[in-house]
Amino acid sequence: VRAVATLVSSSGQIYYAGLTAGEGSIQINDPLFWWPRGLGVQNLYRLTVNLWGETDVEDSLTLRIGLRTVTAGENGSLIVNGITALPMGSVFIPEADPDFITADDRVSACVSSAAMAGYTALLIPQGAPRPTERFYDLCDVHGIMVIEEYSSVSPADADSLHMRGHHPSLCLIDLIGSADPDG
């Protein structure tokens, strides 16, 4: 089995890499960065990894990813791609709806409304259910930064965060702890 990764930028530039033992790298000389609303374009790349058998693709995975850097700034700001961004927005609490279509429509309406209102961030409070993949996809497209609060990160939470790590909108994991350094 051999693996080949293909990365396509929003401008149509194509990059390839072979993977060995599940690892590889793609050199991007002039990356197109993902930016939050109001700071620039939400450039997204399409990453496809194909696992080849003798002659045919045996399995394939495609993700939409964004390239950006984020660090904590002063007074609640974030430094995104070297530029200060002040998160402004609202709390988002996903509803547990057994009807997937209705739930998806609500998420789409909520994220679109946040974008139209000029929000740059949505906060997922600690203890709230984690949103669907569709939520992060929409935040990626609309340039809305996602801040997730946790009181602690369980192994399941860590796995979930790892699975969502390709979303450029997931900008901050906020660990809300007690004032007791031993607690």
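**Entry 1: a charge and a ring**

Over the ring of which residue does the charged end of Arg130 sit? I looked it up: the ring belongs to Tyr150, and the charged end of Arg130 is 4.6 Å from its centre. The rule I used asks for NZ of Lys or CZ of Arg within 6 Å of the ring centre and within 35 degrees of the ring normal.

A note on the source: this is a predicted model, where local features need pLDDT of at least 70, side-chain atom pairs count only at pLDDT 80 or more, and totals for chains, interfaces and linings use all residues. Residues are numbered from 1 along each chain as its sequence is written, and side-chain values use heavy atoms, with hydrogens and water left out.

**Entry 2: helix 2**

I turned to helix 2, residues 133-142. Helices are DSSP runs of H or I with at least four residues, strands are runs of E with at least two, and both are numbered from the N terminus. I listed the buried residues of helix 2: Phe135, Tyr136, Asp137, Leu138, Cys139 and Asp140. Buried means under 20% relative accessible area, exposed over 50%, and partly exposed in between (1.4 Å probe, protein chains only). Just after the helix, Gly143 has a positive phi of about 75 degrees.

**Entry 3: Asp137**

Which side chain of opposite charge is nearest to Asp137? I found Arg64, 4.3 Å away. Asp137 is buried and has no salt bridge. A salt bridge needs a side-chain nitrogen of Lys or Arg within 4 Å of a carboxyl oxygen of Asp or Glu. Lys and Arg count as positive, Asp and Glu as negative; His and the chain ends are not counted. Beyond neighbours within four places in sequence, Asp137 contacts Arg64 and His167 (heavy atoms within 4.5 Å).

**Entry 4: aromatic pairs**

I found two aromatic pairs in the structure. Rings of Phe, Tyr and Trp (its six-membered ring) pair if their centres lie within 6.5 Å; planes under 30 degrees apart are stacked, over 60 edge-to-face, and the rest tilted. Phe92 and Phe135 are stacked, at 4.5 Å centre to centre and 15 degrees between the planes. This pair links distant parts of the chain, 43 residues apart: Phe92 lies in the loop between strand 8 (89-91) and helix 1, Phe135 in helix 2. Phe135 and Tyr136 are edge-to-face, at 5.2 Å and 80 degrees.
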